[in-house]
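Dear colleague,

Please find the structure below, which I am handing over to you for your work. My notes on it follow.

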Amino acid sequence: MSDKKRVSRRQFLNYTLTGVGGFMAAGMLAPMVRFAIDPVLKTKEGGDFISVASVDEITNEPQRFEWTIDQVDAWYESEVQKTAWVYRNENDEIVALSPICTHLGCTVDWASNEEYPKEFFCPCHGGRYTKDGVNVPGTPPTAPLPMFEHKVEEGMLYLGEAQERGGA
Ligand code: FES
């Protein structure tokens, strides 16, 4: 008698059916799993620039510009209002600052406090920032206002993501 193990017809059928069944199950489950977790796998599309103003409107005095974006968080889609303080600096460069206070997230306004008419002021805890968005030492914020990426095309100002600037 031979030492080789022989596979019976029953075992062969079991192996074959198990293999084919597993393959078919994987084929059906893979798209379902993919569909269920797809929004989580999607990478955030950064670098989108939105047209927010005509460059002719931008002066040396900071002005508030608002726009909305569609935000998708996994399965939830919403419209989010964005705001920037925009002006031209002494070198005629466009500066676009986030209005979100770097202390605890309140909204800053330009020249809203009579005592500091040439500064951004946060009413929540008296945070102050100079015109270029740098936090005034001795006030609660410890970092400058984030600055929006921007570009100008065909006379329109486009803003991208607000970039944090390091602070002490
Ligand atoms: S949140 Fe602006 S100073 Fe506190």
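The link between C106 and C124 is left-handed, with -95° about the S-S bond. It is the one disulfide that the structure holds, a disulfide being a pair of cysteine sulfur atoms within 2.5 Å; here the S to S distance is 1.9 Å. C106 lies in the loop between β4 (94-97) and β5 (109-110), and C124 in the loop between β6 (120-122) and β7 (127-129), so the pair ties together parts that are 18 residues apart in sequence. Strands are DSSP runs of E with at least two residues, and helices are runs of H or I with at least four, both numbered from the N terminus.

Please note that this is a predicted model, in which local features need pLDDT of at least 70 and side-chain atom pairs count only at pLDDT 80 or more, while totals for chains, interfaces and linings use all residues. Residues are numbered from 1 along each chain as its sequence is written, and side-chain values use heavy atoms, with hydrogens and water left out.

Regarding accessibility, C124 counts as partly exposed at 37% relative accessibility. Buried means under 20% relative accessible area, exposed means over 50%, and partly exposed lies in between (1.4 Å probe, protein chains only). Two further cysteines, C101 at 5% and C122 at 2%, are buried.

N113 is placed in the loop between β5 and β6 and is buried, at 17% relative accessibility. A polar atom of the N113 side chain lies 2.8 Å from the backbone nitrogen of E115.

G155 is found in the loop between β8 (147-153) and β9 (156-163). With a relative accessible area of 33%, G155 is partly exposed. Which residues does G155 touch, not counting those up to four places away in sequence? They are A53, S54 and V55, where contact means heavy atoms within 4.5 Å.

Finally, V7, F12, L13, Y15 and L17 make a nonpolar surface patch of about 570 Å². Such patches are made of residues with over 30% relative accessible area and no salt bridge, nonpolar side chains (Val, Leu, Ile, Met, Phe, Trp, Tyr) being joined within 5 Å and like charges within 9 Å. A salt bridge is a side-chain nitrogen of Lys or Arg within 4 Å of a carboxyl oxygen of Asp or Glu, and accessible areas come from the Shrake-Rupley method with a 1.4 Å probe. One member of the patch, L13, is found in helix α1 (residues 9-41) and counts as partly exposed at 45% relative accessibility.

With kind regards

Methods. Polar contact = N/O pair within 3.5 Å; in protein donor to acceptor, adjacent residues only side chain to side chain.
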